[in-house]
Amino acid sequence: MICDILLKKIKGGGIFMNLPQLRYFMELAHTQHFTRAAERLCITQPSLSHAINQLETELGVPLFERTGRTTALTRYGEQFLTCVQQTLTTLDEGVDALQRVARGEGLIRLGLLRTLGVEFVPKLVARFLAANPDKDIRFTFNTGVTQQLLEELLANRFDLVFCSQPPAEFQLTAVPVSRQDLVLIVPRSHPLASLHTVDLADTLLYPQVYFSKGSGMRDVVDRLFAQIGGVPQIAYETEEDQVIAGLVSQGFGISVVPYMELLLRLDVKILQISRPVWERNFYLVSNDKIYLPPAVRQFRQYVLNGGYL
């Protein structure tokens with residue numbers, strides 16, 4: 001009850017108590033003796049008496065009954081003590097949490113392409129944690145396509161993102177940290193399946209399973225075809241490279257995809273692209289316009305220093 005009243009007064013601007021006053025009150029409530037409480041607080045007894053009197057004046061109710069040398073809480077003081085204990089506990093927990101963040105501990109929220117979640121990012125994070133055994137550092141991992149990951153980063157739902165190169169208009173900081181070769185996959189019954197390497201111009205005659213708009217790979221493959229001045233015949237579109245590989249294995253078309261071990265388990269022929277020469281880069285992307293906690297900055301620097309090697 002008194003906590004509710006106090007809250008209303010504080011919100012209304014009628015209470016101007018400070019943190020030392022609350023700590024003085026709690027110490028006196030526990031010791032029930034002005035002299036001992038003042039000694040433990042390392043202040044003078046008159047200073048303690050003045051602080052308590054000021055607190056009672058602001059609240060408008062007596063917090064202590066004073067009988068000679070005896071000091072006891074009134075029923076209002078008992079209610080207020082519960083409120084103060086809860087408040088100081090919450091405050092101390094908040095201060096402790098912020099101090100741990102300042103020491104380089106806390107949560108690091110990662111967004112990543114599913115391709116990088118198989119080996120690259122897990123190994124990277126494991127090495128970073130092994131290099132910081134005395135710190136309480138935790139990670140969250142969320143997968144998606146590049147466009148989605150970048151939007152989440154800009155909305156401050158991720159701290160860092162591993163994905164394809166972001167568009168310049170996003171004004172994000174992107175540093176290449178890994179790469180992946182591009183290959184052409186075709187069904188084993190396809191006319192191109194007899195080849196080991198292929199000029200991309202030779203693929204223009206055939207329907208293709210293509211990356212949909214919004215996928216980071218869409219721009220990559222578009223630029224690849226732009227180099228040869230060709231326009232692919234797009235038969236189907238989807239975001240995920242693994243889905244594309246599955247569709248190609250079932251005869252829906254041919255496709256340019258990043259090389260991945262999954263291809264070895266599917267009924268497809270893998271062809272090296274002889275022209276144009278191209279590789280897919282993966283980037284560590286951050287938003288330098290917002291504050292990055294120390295743990296995030298340390299992890300980012302670890303990656304940039306070659307922690308993935």
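With which side chain does the side chain of Asp 241 make a polar contact? In this predicted model, the partner is the side chain of Thr 115, at 3.0 Å. Asp 241 belongs to helix H9, which covers residues 241-249. Its relative accessible area is 5%, so Asp 241 counts as buried, the limit being under 20%.

For Asp 241 the space is a cavity. The structure holds 1 cavity of 30 Å³ or more, and the largest cavity has about 120 Å³ of space. It is lined by 15 residues, and those closest to its centre are Leu 113, Glu 239, Glu 240, Asp 241 and Arg 280. Sorted by class, the lining of the largest cavity consists of 4 nonpolar, 6 polar and 5 charged residues.

The volume of the largest pocket is about 460 Å³. Thr 115 is among the residues closest to the centre of this pocket, together with Val 118, Glu 119, Gln 180 and Met 260, out of 15 lining residues. Strand E6, residues 173-187, gives the largest share of the lining, with 3 residues. The lining of the largest pocket is made up of 7 nonpolar, 4 polar and 4 charged residues.

The second largest pocket has a volume of about 200 Å³. Its lining comprises 13 residues, and Gln 165, Pro 167, Ser 215, Gly 216 and Asp 219 lie nearest its centre. Two helices, H7 (146-154) and H8 (216-227), each contribute at least two residues to this lining. H8 gives the most, with 5 residues. In the lining of the second largest pocket, 3 residues are nonpolar, 6 polar and 4 charged.

From the open and enclosed spaces the account turns to the packed interior. In soluble globular proteins, nonpolar side chains tend to be buried together. Here the largest nonpolar core has 32 residues, and those that touch the most other members are Ile 108, Leu 110, Val 121, Phe 139, Phe 162, Val 285 and Phe 299. Two or more residues of this core come from each of strand E3 (106-112), helix H6 (120-131), strand E4 (137-143), H7, strand E5 (160-163), strand E12 (279-286) and helix H10 (294-304). H6 provides the largest share, 5 residues. Another core, of 29 residues, lies apart from this one and includes Leu 184, Val 198, Phe 225 and Ile 254.

Aromatic rings can be followed separately. The structure has 10 aromatic pairs, counted with ring centres within 6.5 Å. Ring pairs join Phe 128, Phe 139, Phe 141, Phe 299 and Tyr 302 into a cluster. Two members of this cluster, Phe 139 and Phe 299, are also listed among the core residues that touch the most other members.

Gln 250 is in the loop between H9 and strand E10 (255-258). Its relative accessibility is 62%, so Gln 250 counts as exposed, the limit being over 50%. The C-alpha atom of Gln 250 is separated by 24 Å from that of Val 145, a residue 105 positions away along the chain.

Key:
Residues are numbered from 1 along each chain as its sequence is written. This is a predicted model: local features need pLDDT of at least 70, side-chain atom pairs count only at pLDDT 80 or more; totals for chains, interfaces and linings use all residues. Side-chain values use heavy atoms; hydrogens and water are left out. On a 1 Å grid over the protein atoms alone, a cavity is a set of points where a 1.4 Å probe fits but cannot get out, and a pocket is an open set with protein on both sides within 12 Å along at least five of seven lines; lining residues have an atom within 4 Å of a point. Grid points are joined across faces, edges and corners, and a volume is the space filled by probe spheres set on the points. Helices (H or I, at least four residues) and strands (E, at least two) are DSSP runs, numbered from the N terminus. Ala, Val, Leu, Ile, Met, Phe, Trp, Tyr, Cys and Pro count as nonpolar, Asp, Glu, Lys and Arg as charged, and the others, Gly among them, as polar. Rings of Phe, Tyr and Trp (its six-membered ring) pair if their centres lie within 6.5 Å; planes under 30 degrees apart count as stacked, over 60 as edge-to-face and the rest as tilted. A nonpolar core is a set of buried Ala, Val, Leu, Ile, Met, Phe, Trp, Tyr and Cys residues joined through side-chain atoms within 4.5 Å. Buried means under 20% relative accessible area, exposed over 50%, partly exposed in between (1.4 Å probe, protein chains only). A polar contact is a pair of N or O atoms within 3.5 Å; within protein, one must be able to donate a hydrogen and the other to accept it, and residues adjacent in sequence count only if both atoms are side-chain atoms.
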